[in-house]
Every structure is written in structure tokens, then in C-alpha cells.
Amino acid sequence: MNKPLLTTLLAFSVSFAIAQNKEIVKTDKAPVPIAPYSQGVKANGMLYVAGQIGLNPETRKLVDGGVEPETMQIMENIKAIVEAAGARMEDIVNTTIYMKDLGNFARVNDLYGKFFTGTFPARTTVGVANLPGGANIEMAVIAVLPKVRRK
């Protein structure tokens with residue numbers, strides 16, 4: 001078999017395998033997207049959770065009270081998506097936090113920490129000028145999907 005044809009076939013089979021391993025995660029326990037994105041996507045043993053703001057999944061409105069209640073709602077939304085994918089909060093390996101006011105970092109850090117036991121994910125926090133829906137904070141996470149767990 002010639003080398004260009006073999007390379008093309010290999011590239012196609014890898015692309016096909018990756019495409020076959022993509023699954024959309026949906027749950028009514030987290031806000032339903034109002035734009036062209038998914039709550040979460042499972043691909044190649046990983047879970048990618050879209051950025052979450054503090055929307056109440058039932059009302060689809062930003063929770064009142066500022067950064068603290070928004071942080072708690074975000075973490076509950078993330079937990080719901082992670083669990084809908086068959087994972088746990090302990091499976092999260094990376095978090096990205098976007099905040100309009102980094103002066104709130106210490107309080108957000110305390111609230112965020114309550115959702116984990118043992119080891120924590122890697123994390124990046126970025127100060128931003130604005131966020132969707134007037135939110136003060138947004139978080140996105142990546143988790144490793146567990147292999148089938150034994151009970």
C-alpha cells in the first residue's frame with residue numbers, strides 16, 4: 001500500500017473514532033442552554049462542562065444577592081452536569097473561573113472549596129470586564145470520566 005493512501009486512511013479512521021466517541025450531556029437540574037452550545041460534552045474519556053453562570057435551572061434567571069449566591073448556584077449546576085455524565089466532583093481535573101471583581105476571590109475560594117474533598121482540581125482565575133446575563137462570575141470545568149465503577 002502506498003504511504004499517502006495509508007496516511008489518509010489512518011487520519012480518517014482516527015477522525016471517525018473520535019467523532020464516534022462524542023456524547024452530549026443534558027440534565028434538567030442545570031440551566032438549559034439558550035444559545036448554540038451544550039451543557040457538557042463527553043469525548044475520549046473526558047467531560048467538558050460549558051461555562052456556567054448563576055442561573056436557577058427552574059426560573060432560568062440569575063440568582064439574586066451577588067457573587068456568593070451566584071457561586072453556590074454555579075457549583076450546584078456544575079455538580080448536576082458532572083453527575084448526569086456519570087462522574088463525581090472528585091473527577092474534575094481543571095476549573096477556569098472568570099470574575100468581574102477579583103476582590104471577591106477569597107469568598108469565592110471558600111465556597112468553591114466546599115464542593116471538593118481531598119484533592120482539588122487545577123484552577124485558573126481570570127479577571128474580566130463583563131460576563132453574560134449580568135453575572136459576576138462564570139466557571140467551566142473539565143473532568144476525567146471514570147471507568148465503570150464497582151459498587
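Colleague: At what angle do helix H2 and helix H3 pack, and how far apart are their axes?

Modeller: This is a predicted model. In it, helix H2, residues 67–84, packs against helix H3, residues 105–113, at an angle of about 30 degrees. Their axes are 10 Å apart.

Colleague: Are H2 and H3 then roughly parallel or roughly perpendicular to each other?

Modeller: They are roughly parallel, because angles under 35 degrees are counted that way. The crossing of H2 past H3 is right-handed.

Colleague: Which residues make the contact between H2 and H3?

Modeller: From H2 there are Val67, Glu68, Thr71, Met72 and Met75. They meet Arg107, Val108, Leu111 and Tyr112 of H3.

Colleague: Let us take Thr71. Is Thr71 buried or exposed?

Modeller: Thr71, a residue of helix H2, is buried, because its relative accessibility is 0%, and the limit for buried is under 20%.

Colleague: What does Thr71 touch, leaving out residues up to four places away in sequence?

Modeller: Thr71 touches Val108 and Leu111, and also Ile137 and Met139.

Colleague: How far is Glu68 from Ile137?

Modeller: Computed along the sequence they are 69 residues apart, whereas the C-alpha to C-alpha distance is 9.4 Å.

Colleague: Staying with H2, what can you say about Asn77?

Modeller: Asn77 lies in helix H2 and counts as buried, at 0% relative accessibility. Setting aside residues up to four places away in sequence, Asn77 touches Lys29, Ala30, Pro31, Gln52, Ile53, Leu55 and Pro57.

Colleague: What is phi for Asn44 and for Arg60?

Modeller: Phi of Asn44 is near 50 degrees, a positive value in a residue that is not glycine. Arg60, also not a glycine, has a positive phi of about 60 degrees.

Colleague: Where are Asn44 and Arg60 placed?

Modeller: Asn44 is in the loop between strand E2, residues 40–43, and strand E3, residues 46–52. Arg60 is in the loop between E3 and H2. Asn44 is partly exposed, with a relative accessible area of 44%, and Arg60 is partly exposed with 39%.

Colleague: And on the strands, what does Glu23 touch?

Modeller: Glu23 is found in strand E1, residues 22–25. With neighbours within four places in sequence left aside, Glu23 is in contact with Gly40, Val41 and Lys42. Glu23 counts as partly exposed at 44% relative accessibility.

Colleague: How far is Glu23 from Leu47?

Modeller: Their C-alpha atoms are separated by 9.3 Å, and the two residues are 24 residues apart along the chain.

Colleague: Finally, the whole chain. How many helices and strands are there, and in what order do they run?

Modeller: The protein chain has three helices and six strands. From the N terminus on, the order is α-β-β-β-α-β-α-β-β.

Colleague: What share of the residues is buried, and what is the accessible surface?

Modeller: Of the 151 residues, 33% count as buried. The accessible surface comes to about 9,300 Å², with 56% of that belonging to carbon and sulfur atoms.

Colleague: What part of the contacts joins residues 24 or more positions apart?

Modeller: Such pairs account for 69% of the contacts with a separation of 6 or more in the protein chain.

Note on methods:
Residues numbered from 1 in each chain as written. Predicted model: local features only at pLDDT ≥ 70, side-chain atom pairs only at ≥ 80, totals over all residues. Heavy atoms only, no water. Helix = DSSP H or I, 4+ residues; strand = E, 2+ residues; numbered from the N terminus. Buried < 20%, exposed > 50% of the residue type's maximum accessible area, 1.4 Å probe, protein only. Contact = heavy atoms within 4.5 Å. Areas by Shrake-Rupley, 256 points an atom, 1.4 Å probe, with all protein chains shown as cover. Axes fitted to C-alpha atoms, helices over the stretch in contact; angles between N-to-C directions. Parallel < 35°, antiparallel > 145°, perpendicular 65-115°, else oblique. Left-handed = near helix turned anticlockwise from the far one by under 90°.
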